[in-house]
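Here are my notes after going through the model you sent.

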Amino acid sequence: MQRKKKTSLLQLMGKLNKSFELKKHYLLGQWIPETRNYSFAELLALLNKYPTVFVKPNAGSLGRGVMRVEKHSTGLFTLRKDTSIWDNLNQSELSTLLHSFILQIPFVIQQGIESLTYNGSAMDFRVMVQLNENSVWECTGIMGRVAPKNKIVSNLWQGGKPMPFRELMSPYTPPEKLVEMEALFKRIGVIAGEIVKRSNSFVHAVGVDIALDKHFTPWILEVNHVPDHLMFNQIADKSMFQRIMQLRNFNLIKRSFKRPIPAKKHIKKYPKGAVNKKRRRPALSTTYARIRQTKKRIKQARIKKRQR
């Protein structure tokens with residue numbers, strides 16, 4: 001009988017798994033770009049459907065390791081990574097180049113979205129949602145991000161620039177439409193938080209990255225379960241950052257009080273005075289006995305001090 005392979009926490013929280021979970025939702029499912037496990041054959045299949053495909057580490061963060069592949073009408077390809085560009089690659093050259101970048105960690109491929117731009121640079125939005133004091137998901141911030149002109153990602157750690165949501169969208173939409181879009185982003189964030197929380201009880205904050213195409217359709221690029229909160233401190237209005245920090249500290253304190261105490265059945269017992277050779281230190285039973293003796297001595301010393 002073959003044992004089932006254990007799924008690691010990183011795989012459970014990876015881009016592919018979260019993409020599948022979000023895809024099941026009746027509302028969010030329509031806004032999830034097609035995402036698959038990486039293989040060169042799957043990459044070619046996706047490039048036959050979409051002109052641009054992104055290659056990302058499944059459990060990566062901070063925009064590191066992201067590549068973009070474009071297929072031209074000539075059948076040749078362009079690969080971009082960080083500030084480097086490789087043009088006019090055939091299939092063999094593209095395969096060799098990709099395999100030199102892809103290490104032993106799992107990668108995914110994702111449908112590329114032609115997002116709106118700001119001064120010629122790609123832009124997207126980070127929606128921050130957190131569990132509030134009533135254990136209800138609350139949208140605590142929406143921030144625009146503009147990618148550097150020589151890069152394909154807008155992450156701040158890769159040189160992206162944070163901008164207020166309304167300032168970034170004002171050239172595209174009138175003020176009344178901005179309110180509707182803001183409400184939609186908040187709804188997307190709250191639903192995404194609820195979905196991630198179902199399978200990962202320790203999550204108390206989620207960052208949803210959303211891109212808008214030329215039809216103003218929102219596309220959910222990623223859902224981050226350890227979102228960067230510092231970007232909200234880089235604009236003049238600090239109200240979002242203050243609320244984010246308030247809930248962040250609240251949830252950290254709340255979580256620290258909920259740490260489970262290990263059950264006695266999980267503690268390996270040794271005879272009194274025995275030594276656990278693997279750890280090269282006294283067994284737990286001996287250690288607990290010493291603690292009890294120390295506490296008893298302290299208590300006796302306090303009683304004597306009062307009697308004096």
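Which elements do the buried residues of α4 pack against?

1. They pack against α3 (40-49), β3 (67-71), β4 (77-81) and β5 (84-89). Helix α4 covers residues 91-101, and its buried positions are Leu-94, Ser-95, Leu-97 and Leu-98. Buried here means under 20% relative accessible area, exposed means over 50%, and partly exposed is what falls in between (1.4 Å probe, protein chains only). Helices (H or I, at least four residues) and strands (E, at least two) are DSSP runs, numbered from the N terminus.

2. A word on where this comes from: the model is predicted, so local features need pLDDT of at least 70 and side-chain atom pairs count only at pLDDT 80 or more, while totals for chains, interfaces and linings use all residues. Residues are numbered from 1 along each chain as its sequence is written, and side-chain values use heavy atoms, with hydrogens and water left out.

3. Have a look at the start of α4 too. There, a side-chain oxygen of Asn-90 comes to within 3.2 Å of the backbone nitrogen of Ser-92.

4. Now the sheet. Six strands form an open sheet in the order β1-β6-β2-β3-β4-β5, with antiparallel pairing. Strands count as paired if DSSP finds at least two bridges between them. β1 (35-37) and β5 sit at the edges with a single partner strand each, so one side of each has no neighbour in the sheet. From one strand to the next, the twist averages 20°. Helix α2 (residues 15-23) packs on this sheet, where it touches β1, β2 and β6, and its direction makes about 140° with that of β1. For that angle, axes are lines fitted to C-alpha atoms, for helices over the stretch in contact, and angles run from 0 to 180 degrees between N-to-C directions.

5. Four bridges join β2 to β3, running antiparallel, and Thr-52 stands opposite Glu-70 in β3. Towards β6 (residues 107-111), also antiparallel, β2 has five bridges. Across that pairing, Val-55 stands opposite Ile-109 and Lys-56 stands opposite Val-108.

6. Is Asp-124 buried or exposed? It is buried, with a relative accessible area of 9%, and it belongs to strand β8 (residues 121-131). Its side chain makes a polar contact with the side chain of Ser-154 at 2.8 Å. A polar contact is a pair of N or O atoms within 3.5 Å; within protein, one must be able to donate a hydrogen and the other to accept it, and residues adjacent in sequence count only if both atoms are side-chain atoms. Leaving aside neighbours within four places in sequence, Asp-124 has contacts (heavy atoms within 4.5 Å) with residues including Met-143, Arg-145, Leu-168 and Ile-210.

7. Last, two backbone angles to check. Asp-82, in the loop between β4 and β5, has phi near 55°, a positive value in a residue other than glycine. Asp-82 is partly exposed, with a relative accessible area of 33%. Asn-119 likewise has a positive phi, near 55°; this residue lies in the loop between β7 (117-118) and β8 and is exposed, with a relative accessible area of 59%.
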